Amino acid sequence: MNGDLNNRREPSIVPPMSLERILVVDDDPLVRRTLAELLRRLGFVTLDAGNISGAETTLATEKVDLVFADVGLPDGSGEDLLARIASNQDAPLMVMMTGQG
């Protein structure tokens, strides 16, 4: 029986509903790369952008299920990005984040 426990595979964190592809939008390269790498290690496919323009380009060419967006971006706010993509019928889920108090 102990052999069975040792041979078990870790369950995937990716939920059964399709949340496989995640876009990380943050102007801080360290935050962006660190979050993207953590998500990759958890089994997600990650894409990243440093601003709204880059995020919009990615969203126009890639299927994305979830977006993590910084509130403060150099070309607007994450809320601006949310407003722009929320009207799309196939809009991804969004999580807003900030490093500011």
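Me: Which residue caps the N-terminal end of helix 3?

Reply: Asparagine 51 does, with a side-chain oxygen 3.3 Å from the backbone nitrogen of serine 53. Helices here are DSSP runs of H or I with at least four residues, strands are runs of E with at least two, and both are numbered from the N terminus. This is a predicted model: local features need pLDDT of at least 70, side-chain atom pairs count only at pLDDT 80 or more, and totals for chains, interfaces and linings use all residues. Residues are numbered from 1 along each chain as its sequence is written, and side-chain values use heavy atoms, with hydrogens and water left out.

Me: ok, and which residues of helix 3 are buried?

Reply: Ile52, Ala55 and Thr58. Buried means under 20% relative accessible area, exposed over 50%, and partly exposed in between (1.4 Å probe, protein chains only).

Me: Why are those on the same side of helix 3?

Reply: Because they cover an arc of only 125° around the axis. The arc is taken from the directions from the helix axis to the C-beta atoms.

Me: And what is exposed on the other side?

Reply: Thr57, Ala60 and Thr61 are exposed there.

Me: What covers the buried ones?

Reply: The cover includes strand 1, strand 2, strand 4 (72-73), strand 5 (76-77) and helix 4.

Me: How many bridges join strand 1 to strand 2?

Reply: Five. In that region, valine 25 stands opposite alanine 49 in strand 2.

Me: What else does valine 25 touch?

Reply: Not counting residues up to four places away in sequence, its contacts (heavy atoms within 4.5 Å) include Asn51, Ala55, Val67, Leu81 and Met97.

Me: Which residues have the most contacts inside the largest nonpolar core?

Reply: Leu23, Val25, Ala55, Val67, Ala69, Leu81 and Met94, in a core of 13 residues. A nonpolar core is a set of buried Ala, Val, Leu, Ile, Met, Phe, Trp, Tyr and Cys residues joined through side-chain atoms within 4.5 Å.

Me: Which elements each supply at least two residues of it?

Reply: Strand 1 (21-25), strand 2 (45-49), helix 3 (52-61), strand 3 (66-70) and helix 4 (78-86). A second, separate core has ten residues, including Leu19, Ile22, Ala36 and Phe44.

Me: Last one: what share of the chain is buried?

Reply: Buried residues make up 33% of the 101 residues.

Notes. Polar contact = N/O pair within 3.5 Å; in protein donor to acceptor, adjacent residues only side chain to side chain. Pairing = 2+ DSSP bridges.
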